[in-house]
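Visitor: I would like to learn how to read the packing in a model. Can you take me through one?

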Amino acid sequence: HGNTKESVESLGTLIADIAVDYQRLGEEYVHLDPTVNPSMSSPKKSHLQCLFLEFDHGLVAVSSCVGVDCFVIGIAAPNAPLGMIKARLQAMTEHVQEALAPLTE
């Protein structure tokens, strides 16, 4: 694919689907945590902090916002330092969470 609008949308959909699957898996695995009290009225919610996807032309980092139904997606060069990507992704995610929080109230 080239960098057409359709290829970018397809890639975005693929990344979102993968992130949703990982987040759902995290929510299922949280019940295996021995520190979780099964009698709690509201189950402990998992949240996708950082997911790295490696593609031929670069890295994609995905994080979900807490309390807001959205993902923050960052794209980086294949040789970019993972620690720096993760730190920047977390900073962007916090910013998006704060900006969108009033909309969820």
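This is a predicted model: local features need pLDDT of at least 70, side-chain atom pairs count only at pLDDT 80 or more; totals for chains, interfaces and linings use all residues.

Visitor: What is the mean pLDDT of the chain?

Guide: The mean pLDDT is 81, and 82% of the residues reach 70 or more. Among the elements, helix H1 (residues 5-29) has the lowest mean, 80. Helix H2 has the highest, 92.

Visitor: Which residues form the largest nonpolar core?

Guide: The general idea comes before the case. In soluble globular proteins, nonpolar side chains tend to be buried together. Here the largest nonpolar core has ten residues, including Leu59, Cys65, Val68, Val72, Ile85 and Leu89. Strand E2 (58-64), strand E3 (71-76) and helix H2 (82-104) each give two or more residues to this core. A second, separate core has seven residues, among them Ala19, Leu48, Leu51 and Leu53.

Visitor: Is leucine 89 buried or exposed?

Guide: Leucine 89 has 1% relative accessibility, so it counts as buried. Leucine 89 is in helix H2. Setting aside residues up to four places away in sequence, it touches Gln49, Cys50, Ala61, Val62, Ser63, Val72 and Gly74.

Visitor: What is threonine 93 in contact with, beyond its neighbours within four places in sequence?

Guide: Ser63, Ser64, Cys65 and Val72. Threonine 93 also lies in helix H2. Its relative accessible area is 4%, so threonine 93 is buried.

Notes
Residues are numbered from 1 along each chain as its sequence is written. Side-chain values use heavy atoms; hydrogens and water are left out. A nonpolar core is a set of buried Ala, Val, Leu, Ile, Met, Phe, Trp, Tyr and Cys residues joined through side-chain atoms within 4.5 Å. Buried means under 20% relative accessible area, exposed over 50%, partly exposed in between (1.4 Å probe, protein chains only). Helices (H or I, at least four residues) and strands (E, at least two) are DSSP runs, numbered from the N terminus. pLDDT is the predictor's confidence in each residue, from 0 to 100. Contact means heavy atoms within 4.5 Å.
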